[in-house]
Amino acid sequence: MDYEELIINMGPQHPSTHGVLYLELKLDGEIVVDCRPNIGYLHRSIEKIAENRTFVQFMPFTDRLDYLASMNNNLGFCLTMEKLLQIEAPARAQYLRVIMAELNRVASHLFAVSTFAQDLGAYATPLFYALRDREKIVQIFDQICGQRLTYNYMRIGGVSADIPVGVDQLIRDFIIYERQMMAEYDDLLTNNVIFRARSKMIGVLSKESAIDHGVTGPNLRASGFKWDLRKDEPYLMYDQFDFNVPVGKNGDSWDRYNVRMLEIMESLKIIEQALNGLPEGDPVAKINKAYRPTGEIYVRTENPRGELGFYVVGDGNPFPYRLKIRAPSFSNLSVLTSLIRGLNISDAVCVLGSLDVVMGEIDR
Amino acid sequence: MIGFVTSYIPLLLKGLAVLGFIALSAMFLIWLERKISAKIQNRLGPMMTGPHGAFQSVADTVKLLLKENIMPTGADTTIWWLAPFFVTVPAVVAFLCMPFGSHFIVHDLNVGILFICSITSISVIGVFMAGWGSNNKYSLLGGMRSAAQIVSYEVPLLLSVLVVIMESGTLSMQGIVRAQELGWFFLKPNVFIAFVIYLISATAETNRVPFDIPEAESELVAGYHTEYSGMKFAMFFVAEYTNLFIVSAVAATLFLGGWLGPFRPSMFWFLLKAYTIIAFLMWIRWTLPRVRMDQMMGFAWKFLVPVSLVNVLVTGWLLVVKG
Amino acid sequence: MAVNERIPGSEYLEKFPGGEVILAKSQDVFNWAKGASLWPLTFGLACCAIEMMTTGASHFDIDRFGSGVFRASPRQCDVMIIAGTICVKMQDSIKRLYDQMPEPKYVIAMGNCAISGGIFYHDSYSVVKGAEAVGIPVDVYVAGCPPRPENLLNGIIKLQEKIRSTKARVT
Amino acid sequence: MLKEIYQILIGFLSILKGLGVTWKNIFRKPVTMEYPLDKPVMTAKHRGLVDLIPDKCIACLQCSKICPTAALVVSGIMNPETKKRAPDKFVYNTELCCFCGLCEEICPTSALFMNKCYEIACYQHADLTPIDLLRSNKYQHLTSPRTRERKK
Amino acid sequence: METAIVSKSIQERFPDAIVETKPEWICLKKEIFTPVLQFLKTGHLAFINLHCITAVDRQGSVEVVYHLYSFEHKWMLTIKVILLDSDLTIDSLTSLWSAANWLEREVFDLFGVKFTGHPDLRRILNPDTWSEHPLRKDFKRDGFIPRPVR
């Protein structure tokens, strides 16, 4: 008696595909036999656009790559251009960049953690708690640069505006508030028996397979490989802050979730130290339209989802000749097929949620 | 001939009263669920339709009435069309012997609790028909999951009800309530365990978190009622909340002494207990994640069934020893 | 700007004496009900989806307007909030989703990308220039990149006013 | 067997702790800001719609050059009496704008700024496209719901 | 850790593999390309992480650029291969790093470089029905509105 596999389309519009990802799942009963992810449903040809925009004009596009961590994308592009043009940002601007990047990392991890809980069935409550906390960060950004999600805050050689007067007190109150809330999330989710039963030893990613697939960021650290660009290849004064890098034990979905929770606490520590050590000076950088770099450069920074790389080739024009964005979620998602073979649908959804991919930067 | 007809008038009136109560309670429960979830999530819930969104459920029902009725192509028409009725009718009929008060009962069958448990398990056929009839892979998976879930949680449910029957000695609902005049049943330790098991398998029976696997939001889009729109979807919604009320009402009757209470209006106590249990189930609904399919089955057969069997033995031994 | 929609059974009601009065009154009730419970489809494409989720969350709480029930299946939805960039590859999926929705359906184009391709209008080979280019009639345009959650709530209020002002088409 | 029972009990306790968290949240004040009734005050740096003070503008075309999405169409003429350039056409395309704030930063005479208007919702496409910034009542057509009369 | 050291160690094993050595990158010949990378991965240099594959259209030839990273030496190596427009084929690296699978599909999709030996070389970002490769400089398509220079 031959049986025919059930082909199910977790199509571009599905509550748990974190955007427009289309998974062709071949099922035997409820067990996933094979999975073919199709991407490109949010391909907005940012690299083709970049070839017709000056470097200053390209900054708003970096906000829309990983739209949950726009500050970190701005930071990545700024560092690339500053290294290519040999420009040095003033100390206060560098400290402000660290604060903004780490605050955005906390907001992005809060979002990732709570959508993971939603995929496991805790419908809406953890998500709304995390969004309530994220709202405080977004309002701080609103005070600093005027927008809630696409900041366009950093300029090549500095930042666009200094921090207003009352905002650093706002950030300090947020840090105290967030530490209490994280204790609540541990009770609500981390130690919950159903949550652990659903995510322990599901989608185990070994260290070798992670490195082989080019997985970076929290997913790599969850597989037991202690590798964080901020610690191992310090850029932007990260070596002056002491924070430790959380590492998971057996690389399953729960470890990927737990590494993100611990990273939130570490980021809060960094923000506190950066705020205390904020030097004086004028961080603002004027818009300079006369950048005409030649040569090429490849710079990587540590995004909440992994290592974001910018490869810029300049040939003397104000527009880049070629600009390649190496998105961390792109390689993180390529691991999905090998992880969910043999699991059933509920675990496939759990593994996809634990990888925490953003379609904006996968499809560019 | 007249005598024959007039003897049915009181039953007809009681039936209409029950139908009215079901419609009102379903709408109230939908509003209550949105308000409790809002309270838990520090937000406000429906506010714009009447004071504190009082007429929100009325607006939802009227809107669902006005929706276009879409039949998916290739659907198995009769099965697809009949499914909502197979889910709603058992939920309504189960109110036949629900003891609202000392005299407020449609008809006090002497096999009351057996009747309720058997009627409510018919709805699984409706869910399965909806799953198969919609010609949609997600619904098919939802339908199959719900059949497995309800079958595996029927056994601990009935075993915990068996404990109460052994304690009260009668199957009729009023009889069970009167047997609790000395002390509510859930105060006894062994019956308390049966109460906990009953609540767990009741959440599974009504497909509510942490056992809402058939219509799992994040996996199967909307489970078995993916293809239903307009009034048919409203019937599924009403049936789901009516089942929730039945399960809590039976729990209140069996374990918390039904309409027994210090002062006169007995119906008040019954509704109070039923709605506190509903509020507790809603509180659980908005806190816990979902259990996976095989964990749910394993939990039922490997843990709930043995514990309830032991519980039945202990109750029997206690009754024999205590006399 | 009255978009006419047929009320089921309006042709019978009209024949009875005083039918028009009942029809007019019932029409107000129907429009109030349609406006008060707009169930959106969970359909986030890009950055605007994050702002849509924030609107659903506790600080702005779209549930106050009765539309907190985000249904995943298009069969049970009334309003499709197109939140994000419409790409060439996603085009026919959006059209199919729109066709699957039952009749009294409305569309809110949220964000400049859904209105006209926004920041990706020039130099992009794979972005469709707005929801109209896909062939979907849009009821309310909510501009912004991304629009603030208050702006989306403002769009929902405008959609409710539009529904309340529709006159039933008496066949 | 004993370990099994112990696991179940620990699991039960963790569920109760989770319920405790939601219980605490039930009694917290709701954080909702009821939008149409009390509206938020926009921050000082909020980037709303692009706005222009016509007489301060010297039509240097800096803003239309810097705009990443070419949403500003500006053309200026030399005004013979005042010997200064003045804009005769200043069209702003709301549907293309990405609200990045570069035009506001680059404008030498700060004639162009981003106002605090964030309620941009309308029924027709034509309300959004070419908006002539030289007119004084350029954003009147974008109405917004009434706020709650503050009970002073 | 300098490019010169890496190019010297390549020189010893594969004398005629290197076309050109620059402080930022090394340009390799197309013919004996995979053995060199095999050595780079498994040799003492331990470039076990293929960070990114991209391409640059030089209007006459396409430069395929590989970024390899070694965790031991904490150093990023850039390798280039020049492919003439006449035959845009190069052998695939999926046997060495599985990260190459999707990265090569993207380069094929946007540039048209065919990777021989790739398990399933299809388009990844654009619809499969397209025939042109968008990131080439001579790319034309209707509905493509260039930004008007003000």
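User: How much space lies in the second largest cavity, and what makes a space a cavity?

Analyst: About 280 Å³ of space lies in the second largest cavity. The term applies because, on a 1 Å grid over the protein atoms alone, a cavity is a set of points where a 1.4 Å probe fits but cannot get out. The volume is the space filled by probe spheres set on those points, which are joined across faces, edges and corners. This is a predicted model, in which local features need pLDDT of at least 70 and side-chain atom pairs count only at pLDDT 80 or more, while totals for chains, interfaces and linings use all residues. Residues are numbered from 1 along each chain as its sequence is written, chains are lettered from A and ligands numbered from 1 in the order in which they are written, and side-chain values use heavy atoms, with hydrogens and water left out.

User: How many cavities does the rule count?

Analyst: The count comes to 13 cavities of 30 Å³ or more.

User: Which residues line the second largest cavity, and what makes a residue a lining residue?

Analyst: A lining residue has an atom within 4 Å of a grid point. For the second largest cavity 20 residues qualify, with B:T120, B:S123, B:E205, B:T206 and B:N243 nearest its centre. In chain B, α5 (112-120), α6 (123-133), α7 (137-168), α9 and α10 (231-255) each supply at least two lining residues. The largest share, 7 residues, comes from α10(B). These labels follow DSSP runs numbered from the N terminus (helices: H or I, at least four residues; strands: E, at least two).

User: How do you know which of these lining residues are nonpolar, polar or charged?

Analyst: Ala, Val, Leu, Ile, Met, Phe, Trp, Tyr, Cys and Pro count as nonpolar, Asp, Glu, Lys and Arg as charged, and the others, Gly among them, as polar. The lining of the second largest cavity then divides into 13 nonpolar, 5 polar and 2 charged.

User: What lines the second largest pocket?

Analyst: The second largest pocket, of about 960 Å³, is lined by 36 residues, of which A:K83, A:I297, A:Y298, A:V299 and A:R300 lie nearest its centre. The largest share, 8 residues, is from β6(A). The classes are 16 nonpolar, 8 polar and 12 charged.

User: What makes chain C and chain B partners in contact?

Analyst: Contact means heavy atoms within 4.5 Å. On that test 30 residues of chain C are in contact with 32 residues of chain B. The buried area (accessible area, 1.4 Å probe, that two parts lose on being put together, summed over both) is about 2,600 Å², with 61% from carbon and sulfur atoms. C:W39, C:R64 and C:R75 supply 23% of what chain C buries against chain B, more than any other three residues.

User: Why is the pair C:D63 and B:R34 called a salt bridge?

Analyst: A salt bridge is a side-chain nitrogen of Lys or Arg within 4 Å of a carboxyl oxygen of Asp or Glu. The closest N and O atoms of C:D63 and B:R34 are 2.8 Å apart, so the pair meets the cut-off. The count between chain C and chain B is 6 salt bridges. Helix α2 (residues 19-36) of chain C gives the most to the side touching chain B, with 5 residues.

User: How do you know that E:K80 and A:E296 form a salt bridge?

Analyst: Their side chains meet at 2.5 Å, N to O, and the rule finds 5 salt bridges across the interface of chain A and chain E. That contact takes 36 residues from chain A and 40 residues from chain E. Chain A and chain E bury about 3,400 Å² between them, 56% of it on carbon and sulfur atoms. A:K48, A:Y321 and A:F330 supply 19% of the area that chain A buries there, more than any other three residues.

Terms used: On a 1 Å grid over the protein atoms alone, a cavity is a set of points where a 1.4 Å probe fits but cannot get out, and a pocket is an open set with protein on both sides within 12 Å along at least five of seven lines; lining residues have an atom within 4 Å of a point.
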